[in-house]
Amino acid sequence: MRPIALFSFSALAFLAACATPDPGQDPSGRWVGALVTDQGTCPTERTSTLEIRGKNIVFTPADGSQVLTGLYQPGTHHYHAELASKDTSGHPSPLVFNGYPVGQAIGGTFGSAACRAHITMTRK
């Protein structure tokens, strides 16, 4: 392989690796993935979205009308969002998302009174 081609290929590989920051260092942005039901009935019909902007966290299961919110603490490897809701009897029924970096992705769990699921999300 010619030296210039080798240099070009090496530079391209380096830039590709730098283009996607590690979520453990910089989780900012939009992350998308599909919930996988572990127990109960979970919203799996569409992808779910996690957005981290500054200190704000927003998780939308199945990109529906339920929006879980939380605050991100820079330097931590934990992303938590929740929605305090009530069931049809008026009892508290919170929805909770807990996420963490997994390589170049964010993994997590989602839970409600009717559902337990896990998810792996990639940056979009």
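**Figure 1. Cluster of aromatic rings formed by Phe59, Phe97 and Phe110.** In this predicted model, ring pairs join Phe59, Phe97 and Phe110 into a cluster.

**Figure 2. Stacked pair of Phe59 and Phe97.** The ring centres of Phe59 and Phe97 are 4.3 Å apart, with 15° between the planes. This pair links distant parts of the chain, as Phe59 belongs to strand β4 (residues 56-60) and Phe97 to strand β7 (residues 95-102), 38 residues apart. Phe59 and Phe97 are both buried.

**Figure 3. Tilted pair of Phe59 and Phe110.** For Phe59 and Phe110, the distance is 6.0 Å centre to centre and the angle between the planes is 40°. Distant parts of the chain are again linked, with Phe59 in strand β4 and Phe110 in strand β8 (residues 105-112), 51 residues apart. Both Phe59 and Phe110 are buried.

**Figure 4. Lining of the largest pocket.** The volume of the largest pocket is about 180 Å³. Its lining comprises 13 residues, and those nearest the centre are Gln66, Leu95, Ser112, Ala113 and Ala114. Classified by residue type, the lining of the largest pocket contains seven nonpolar, five polar and one charged residues.

**Figure 5. Loop position of Gln25.** Gln25 lies in the loop between α1 (3-19) and β1 (29-33). Gln25 counts as exposed because its relative accessibility is 67%, and the cut-off for exposed is over 50%. The C-alpha atoms of Gln25 and Pro74 are separated by 8.8 Å, although these residues are 49 residues apart along the chain.

Terms used. Residues are numbered from 1 along each chain as its sequence is written. This is a predicted model: local features need pLDDT of at least 70, side-chain atom pairs count only at pLDDT 80 or more; totals for chains, interfaces and linings use all residues. Side-chain values use heavy atoms; hydrogens and water are left out. On a 1 Å grid over the protein atoms alone, a cavity is a set of points where a 1.4 Å probe fits but cannot get out, and a pocket is an open set with protein on both sides within 12 Å along at least five of seven lines; lining residues have an atom within 4 Å of a point. Grid points are joined across faces, edges and corners, and a volume is the space filled by probe spheres set on the points. Ala, Val, Leu, Ile, Met, Phe, Trp, Tyr, Cys and Pro count as nonpolar, Asp, Glu, Lys and Arg as charged, and the others, Gly among them, as polar. Helices (H or I, at least four residues) and strands (E, at least two) are DSSP runs, numbered from the N terminus. Buried means under 20% relative accessible area, exposed over 50%, partly exposed in between (1.4 Å probe, protein chains only). Rings of Phe, Tyr and Trp (its six-membered ring) pair if their centres lie within 6.5 Å; planes under 30 degrees apart count as stacked, over 60 as edge-to-face and the rest as tilted.
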